[in-house]
Amino acid sequence: MTHPRELWENTPFHGQEYPFYIFRIPIRGVRRGQEILGLHWHEHFEILVMVRGRAVFHIESQPYEARPGDVLLVPSGGLHVGYSLEDQDVEFMAFVFNGSMLESAARDTLHARLLGAHVAGRARFPVRIADGEGNGEFARDCIAKAVEEFKEKRRGYELAIKSYLYLLFVNLSREHVPARKAEELAAEYSRGSERFKPLIRYVEEKYREKITVEEAARLVNLSPFHFCKLFKKLTGRTFVEYVNRHRMNEAEKLLRDTDLSVTEIADRVGCGNPNYFTKLFKQHKGITPSQARADP
């Protein structure tokens, strides 16, 4: 489904390596029927956790009432809005994350079977994932631990949050996707991803060189438009983001394992301009190249 571009929200993340953010939204003196979450959509998933008050969230035109402790999963690209159901203070959390947080290696068949189609947007879990029964306690526990990691920001908190998201999605797949359906979804996902494997290998070998979208599209026999659309669905990233991410991963290894200068590393990973390289590295890793080198 295509939604109006003017309702698109550009969610701020700390970096592209771990694209997520958790917002805590308290609103005082809310009146019944007052809008508490503006109508919008984005390419990311969003988990809404009701903390105080009662509200109704319309997600893809379907209403879902939320009380304290209720959890709603907004699918990637889902149009959503929220209204208070009472005259009182309201508070909720919005945990926004890109599907690329749950990406995997191209040959990970277990990931394809359990999560691939859902991460790519070809299948959807129920919106209400925690209603006090079944897997509700497990879902709330995963989210609560992720929120605690975000608040404390101890070393490696990003990886811990990613782990809790994996636990949450695997549990949802176990609870809501029958084994036969999982196999069907995996087969469909694999058919789409199989054609991109040669391209992924090409990027891994040629990332130092300039690789245009047009060249990449030709390698998989697609028009640039359809290539960009399908690649984003399968990986959660644009092709340019994917290439730059691979370059920055290689740059991080060189920063930690060699004595090469930042200028030399920038050149080795295909970013000839050191200033551009520094900007790109910080965008993906959240720190500068010098900070990455100093961090043991």
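As a predicted model, it uses local features only at pLDDT of at least 70 and side-chain atom pairs only at pLDDT 80 or more, while totals for chains, interfaces and linings use all residues. Residues are numbered from 1 along each chain as its sequence is written, and side-chain values use heavy atoms, with hydrogens and water left out.

**Overall make-up**

The protein has 11 helices and nine strands; these are DSSP runs numbered from the N terminus, with helices being H or I of at least four residues and strands E of at least two. Of its 296 residues, 48% are buried (under 20% relative accessible area; exposed is over 50%, partly exposed in between; 1.4 Å probe, protein chains only). Among contacts (heavy atoms within 4.5 Å) with a separation of 6 or more, 72% link residues 24 or more positions apart.

Strand E8 (residues 88–97) has eight of its 10 residues buried, so it is largely enclosed by the rest of the structure.

| Partner strand | Bridges to E8 | Direction |
|---|---|---|
| E1 (residues 20–30) | nine | antiparallel |
| E3 (residues 45–52) | seven | antiparallel |

For a residue-level view, isoleucine 25 has phenylalanine 92 in E8 as its bridge partner, and valine 49 stands opposite methionine 93 in E8.

Helix H2 (residues 136–152) has 17 residues and reaches 24 Å between its first and last C-alpha, close to the 24 Å expected at 1.5 Å a residue (the expected span being 1.5 Å times one less than the number of residues). Its buried residues are Gly136, Ala139, Cys142, Ile143, Ala146, Val147, Glu149 and Phe150. They cover an arc of only 165° around the axis, which puts them on the same side of H2; the arc is that of the directions from the helix axis to the C-beta atoms. The face turned away from that buried side carries exposed Glu137 and Lys151.

**H8 against H10**

The axes of H8 (residues 239–257) and H10 (residues 274–285) come within 10 Å and cross at roughly 100°. Axes here are lines fitted to C-alpha atoms, for helices over the stretch in contact, with angles running from 0 to 180 degrees between N-to-C directions. The two helices are therefore roughly perpendicular to each other (65 to 115 degrees). Among the residues that meet are Met248 and Leu255 in H8, and Phe277 and Leu280 in H10.

Definitions and conventions: Pairing = 2+ DSSP bridges. Parallel < 35°, antiparallel > 145°, perpendicular 65-115°, else oblique.
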